[in-house]
Amino acid sequence: MKKLIHPILLFITLILSACSSREKEMDRFVKELMAHMTVEEKIGQLNLPVTGEIVTGQLKSSDVSNRVRAGEVGGLFNLKGTENIRAIQRIAVEESRLGIPLLIGMDVIHGYETVFPIPLGLSCSWDMEAVEIMAEISGIEAGSDGIAWTFSPMVDVSRDPRWGRVSEGAGEDPYLVSQFAKAMVRGYQNAGILPCVKHFALYGAAEGGRDYNTVDMSRGRMYNVYLPPFKAAVEEGAGSFMASFNEIDGVPATANKWLLTDVLRKQWGFEGFVVSDYTGILEMVDHGIGNIEEVSYRALNAGLDMDMVSEAFSSNIKRGLEKGQISPKRLDEACRKILEAKYRLGLFDDPYKFCRRNPETPDSIIYSQAHRKEARRIASESFVLLKNESILPLKKTGTIAVIGPLADTRENMAGTWSVAARLGECRSVLDGIRSATEGKAKVLYAKGSNLVADEQLEQRATTFGRAIPRDGRSDQELLLEAVSIASRADVIVAALGEASEMSGESSSRSDISIPDVQVKLLEELLKCGKPLVLVLFNGRPLTMEKEVALVPALLDVWFGGSESGDAIADVLFGDVNPSGKLTMTFPKNVGQIPIYYSHKNTGRPLGEGQWFQKFRSNYLDVDNDPLFPFGFGLSYTRFEYGSVQLSTNNLSQNESLEASVVLSNTGDYDGKEIVQLYVRDLVGSVTRPVKELKGFQKVFLKAGESTTVSFHLNASELGFYKANGTYFVEPGEFELFIGPSSTTVNSAKFLLN
Ligand code: BGC
C-alpha cells in the first residue's frame with residue numbers, strides 16, 4: 001500500500017513503524033510531516049477552494065491543478081466521479097512536494113445516486129435504525145465514488161417553516177434532532193467517511209425565516225434547544241463541524257470564539273476540525289466586522305480551521321503571522337487537525353481508497369437493487385397520513401385518475417440537496433401507481449395545472465433543472481382536461497404541493513400555502529364527487545386549513561427520493577400501513593409562526609378548552625392550536641393507550657424510573673405506532689416548557705394484539721441548562737405523559753427528591 005505514496009511520506013511512515021497505538025502513531029506521523037512543511041504548505045491545508053458548480057467532468061481549470069501541485073489546497077468539494085477524483089488526487093500525491101492527499105468533500109445529504117427522503121421526511125419515520133442505514137448507504141455509495149467527507153448531517157433545530165432549510169433538518173425538537181444527529185454520524189462512520197456536522201449554530205432561528213438572516217437568542221434557549229444536537233454529534237465522535245452563516249451575540253459564528261473554542265472544544269471536548277460555510281469568512285466583511293484581512297485573523301483565532309471558498313486564509317494568514325496577529329501555534333493547530341482527519345480516514349495509507357467504483361460494473365455498489373429497495377422501504381416509513389375518512393387504502397381495481405403538476409415529474413421526487421441523484425430515473429407517482437396496478441386497474445393522467453400561476457415565481461422556485469415544464473395550454477384548458485378525466489374515474493389521486501426547489505437553501509417563503517392555481521384545481525376535482533386522496537409534496541409544513549377540511553384523505557409524502565413513486569403506491573394501496581408522525585408543527589396560518597409544542601406556559605395562558613379570552617396570550621383572529629401538532633400521524637389501524645404506570649412516585653437523584661403503558665392495536669390492520677414520552681417540570685427556578693420529548697419507541701403490533709411499552713428515565717435526564725451552560729437537575733414535581741402525539745393528556749405525576 002505504502003508504495004502509492006510520496007518518498008518523504010514513505011520515509012516518515014517507515015521511521016514510525018515501531019509505534020504502538022494508532023493515535024500515537026498518528027501524532028508522531030503528523031508531527032514529523034509538519035516538521036517538513038513550509039508555512040505556505042501549512043496554510044494550503046486550510047484552503048478549500050471553489051471548483052465551480054458540481055463538477056462531473058474532469059476539472060478543466062488548470063489553475064486548480066496547479067494550485068494542488070503547489071501545495072496550496074487542502075481539499076476540494078463537489079467533484080463527482082471516481083476517475084476525475086483519482087486524476088486530481090494523483091496530482092496532489094505524485095506531483096506536489098510533500099504528496100499530501102486531498103480531502104474530497106460533497107453535499108451528500110440524503111443519499112448519493114440512490115436518494116432517500118429529505119431529512120425532514122426521514123425524521124418523520126422516527127426510526128433511527130432507518131436513519132443510520134440511509135447514512136451508511138449514502139456513505140458507501142459516495143465513499144466508493146471518490147468522496148471521503150460529507151457536509152452532513154444538518155442538525156439545525158428550526159421552528160419556522162418559512163425557512164426553506166427546514167427540509168434539510170429533522171424538525172423542531174432538540175431531543176429528536178439529537179437522536180437523528182447521532183444516527184446520521186454513526187451511519188457515515190460505518191461507511192468509513194467523515195461527517196461534517198452543520199450549521200454550527202443557531203442557523204435555524206434566522207429572523208422571519210429568511211435565509212442567512214440575523215439571529216438573536218438567549219443563552220438558555222441556545223443551550224436547551226439549539227445546541228444539544230451538536231453536542232450529541234460530538235459525543236458520537238463526529239470529526240468535523242461547519243460554522244454557520246449567522247451571528248451569535250453579534251459575532252458571526254465563523255469568528256465566534258465563544259462558540260468554536262469555549263463551547264465546542266473546551267466544554268464538549270471536540271477534537272476534529274471546523275470548516276467555514278461557503279464564503280463564510282468573506283461574508284463577515286458584509287456583516288460589518290472588518291476588512292478581509294481582519295476577519296481572516298478573527299476567524300482563525302476564534303477556532304475556525306478551514307476556509308471554504310473565501311480564499312481568505314490563503315491570502316492573509318502569512319501576513320498575519322508576520323504582523324504577529326496570528327501565532328505560529330494556532331496555524332500549526334489548524335493544520336494538524338486537518339492532517340489528522342486525513343490520517344484517520346486512511347488517506348495517507350491509500351489516497352485512492354475512496355475511488356473504488358468500477359466503470360465496468362457501475363451499478364454493483366452505487367444505485368444497486370439492494371440500495372433502491374431500502375430507499376423504497378424507508379420512504380414509505382417517512383410518509384405521514386394526516387387525514388383519512390375511510391378512503392384509504394385504495395383498491396387496485398377500477399379507474400384511477402392521477403392528476404396534478406407533481407404527478408408525472410421524476411425530476412422533483414429526489415427533493416432538494418440531491419446533487420448526485422439520477423433525476424430522470426426517479427419514480428414518479430404516475431410510475432408507481434401504474435406499476436402497482438398493472439393489469440388490474442385503468443390509470444388515467446392529467447397535469448391539471450402549472451405549479452404556480454405566475455411564471456416568474458415558478459422560474460425562481462424551480463431552479464437546478466428541476467422545473468416542471470410549463471404547459472403551453474392555458475390554466476383553463478388544463479383544468480377542463482383534468483376535470484373531464486377525473487369524472488371518468490372511480491377515484492382521484494391529486495399530487496399537489498411544492499416543487500422540490502421551493503424548499504432548501506435560499507428558498508424561504510413568506511406564504512407557505514399550496515399555490516392558488518393548484519387549490520383551484522383541487523376544488524374543481526372535488527366537485528366531481530369522487531373519492532379523492534391528496535398526495536402532498538412539501539419540504540416544510542404548509543398552511544392548508546381550508547384544503548384539509550375539504551379533502552377526505554391526505555397523505556404527506558415530502559420528497560421521498562429515487563423510489564418515491566413506488567413507495568407512495570405501497571402506502572396508497574395498503575401494502576404498507578403508514579406510520580410516520582410529524583416532527584414539525586403545522587401552523588394554521590403564517591401569523592402563528594413560530595409555533596411549536598414545547599412552548600412556555602407564559603403568565604397568561606389560555607384557560608382549558610378556550611380559544612380566546614381577553615387579556616390572555618392569544619390572537620383575535622386565530623386560536624393558539626396548530627393545524628397539526630408535533631408527533632401527529634394516522635394509521636390504517638387504530639391504537640389505544642392504557643393509563644401511565646410508574647415504578648415509583650418518589651424518585652431520588654441518581655435513580656431511574658420505569659414508565660409504561662399498555663398499547664393495543666384495536667383496528668383491522670397490522671401496523672406500527674410511534675409511542676412518545678413527554679415530561680413537564682411543573683415548578684422550576686426558571687420557567688420550563690409545557691412538555692419536552694424524552695423518549696419514543698416505534699412498536700409493531702398485529703391487528704388485535706396488545707403489548708406493554710416501557711421506558712426507563714434517569715433522574716439525570718430531567719435537568720436543564722442554565723444560562724451559563726451548567727446543567728442542573730432540580731428537585732420537584734414532574735408530570736410524565738405517554739401517548740400518540742404531543743397533545744396527549746395521558747399522564748402521571750411523580751416527585752424528584
Ligand atoms: C450551504 C452548506 C453547504 C455548502 C457547500 C452552503 O451554501 O450552506 O450547507 O454544505 O454550501 O455546498
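Modeller: Two strands count as paired if DSSP finds at least two bridges between them. Please keep in mind that this is a predicted model.

Colleague: In which sense do β14 and β15 pair, and over how many bridges?
Modeller: Strand β14 (residues 491–497) and strand β15 (residues 532–537) pair in the parallel sense, over six bridges. For example, A495 has V535 in β15 as its bridge partner.

Colleague: What is the strand order of the open sheet?
Modeller: The order is β11-β16-β15-β14-β12-β13, so six strands take part, and the pairing is mixed.

Colleague: Which are the edge strands?
Modeller: They are β11 (384–388) and β13 (442–446), each of which pairs on one side only. On average, neighbouring strands of the sheet are turned by 20° against each other, direction ignored.

Colleague: Which strands does α20 touch?
Modeller: Helix α20 (residues 516–526) packs on the sheet and touches β12 (399–403), β14 and β15. The direction of α20 makes about 170° with that of β14.

Colleague: And what does α22 touch?
Modeller: Helix α22 (residues 564–572) also packs on the sheet, touching β14, β15 and β16 (553–556). Its direction makes about 145° with that of β15.

Colleague: Changing topic, at what angle do the axes of α9 and α11 cross?
Modeller: The axes of α9 (residues 219–226) and α11 (residues 257–267) cross at roughly 50° and come within 15 Å. The two helices are therefore oblique to each other, and the crossing is right-handed.

Colleague: Which residues meet there?
Modeller: From α9, R219, M222 and Y223 meet W258, V263 and Q267 of α11. Four of these contact residues are nonpolar, one is polar and one is charged.

Note on methods:
Residues numbered from 1 in each chain as written. Predicted model: local features only at pLDDT ≥ 70, side-chain atom pairs only at ≥ 80, totals over all residues. Heavy atoms only, no water. Axes fitted to C-alpha atoms, helices over the stretch in contact; angles between N-to-C directions. Helix = DSSP H or I, 4+ residues; strand = E, 2+ residues; numbered from the N terminus. Parallel < 35°, antiparallel > 145°, perpendicular 65-115°, else oblique. Left-handed = near helix turned anticlockwise from the far one by under 90°. Contact = heavy atoms within 4.5 Å. Nonpolar A, V, L, I, M, F, W, Y, C, P; charged D, E, K, R; others polar.
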